[in-house]
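Please read the points below with the structure open beside you.

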Amino acid sequence: MQYKLRKRIERLANLHPEWNESDYVQYFVENFLNKPESDSERRFAHWHFLAYLDLDRCYLIWRNFHYFPFYAAKLEEFYGLTNEILCQSHKLKKYLNKYNPQNDKKASIKTYILSILKNSIREKIDLQSDWHLLCNVDINSLRKLNNFGIKLRKNSGTKLRD
């Protein structure tokens, strides 16, 4: 498969030498979303887009979740979850159709998709920061404030100043 993808991208690069990375990505996304004349063209566009995202997806998983205990055991689950979004055409189309480059000027399509992957992993493992504990604290209640300090120390392993 890699050989076929490499040949196709070389042929495309010869046809459009003036294109840059974003032009290729736009071309693949358009071919994937807008039903081309053949199903094989749509599949190749999908595979090219997946290949474009793959290294960044791997880095995203490592950078954001490597500190987890048993990271190596969870790694396969994280890749499976991201594969579920990226490899299933209907799910990926749902997210790509929501992306609007005119409204999302600061976020490239890569940033947009990677944020979806990161959020889906966070939802799956129910990852929350300690800041959500502040929502349940009544500042006027010393007892609740002390309980919050105890919870925070247990979660982070650090001591608060007295």
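1. Before the packing is described, one cut-off is needed: an angle of 65 to 115 degrees counts as roughly perpendicular, and angles under 35 degrees count as roughly parallel. The structure discussed here is a predicted model, and the angles below should be read with that in mind.

2. The axes of helix α1 (residues 2-15) and helix α3 (residues 39-65) come within 11 Å and cross at roughly 95°, so that α1 and α3 are roughly perpendicular to each other. On the α1 side this contact is made by Lys4, Leu5, Arg8 and Ile9, and on the α3 side by Glu41, Phe44, Trp47 and His48.

3. Leaving aside residues up to four places away in sequence, Arg8 touches Glu41, Phe44 and His48. Arg8 and His48 are 40 residues apart along the chain, while their C-alpha atoms are separated by 9.3 Å.

4. A second pair of helices can be described in the same terms. The crossing of α5 and α6 is right-handed. From α5, the residues Leu92, Tyr95, Leu96 and Lys98 meet Ile109, Tyr112, Ile113 and Ile116 in α6.

5. As for the overall composition, the protein has 7 helices and 0 strands, and its pattern along the sequence reads α-α-α-α-α-α-α. Of the contacts in the protein with a separation of 6 or more, 56% are accounted for by residues 24 or more positions apart.

6. How many of the 162 residues of the protein count as buried, as a percentage? The share is 30% of the 162 residues. The accessible surface of the protein comes to about 11600 Å², and 52% of that surface belongs to carbon and sulfur atoms.

7. Finally, the confidence of the prediction should be kept in view when individual elements are discussed. The protein averages a pLDDT of 79, and 80% of the residues score at least 70. Among the elements, helix α5 (residues 89-98) has the highest mean pLDDT, at 90, whereas helix α7 (residues 142-156) has the lowest, at 74.

Note on methods. Residues numbered from 1 in each chain as written. Predicted model: local features only at pLDDT ≥ 70, side-chain atom pairs only at ≥ 80, totals over all residues. Heavy atoms only, no water. pLDDT = per-residue confidence, 0-100. Helix = DSSP H or I, 4+ residues; strand = E, 2+ residues; numbered from the N terminus. Buried < 20%, exposed > 50% of the residue type's maximum accessible area, 1.4 Å probe, protein only. Contact = heavy atoms within 4.5 Å. Areas by Shrake-Rupley, 256 points an atom, 1.4 Å probe, with all protein chains shown as cover. Left-handed = near helix turned anticlockwise from the far one by under 90°. Axes fitted to C-alpha atoms, helices over the stretch in contact; angles between N-to-C directions. Parallel < 35°, antiparallel > 145°, perpendicular 65-115°, else oblique.
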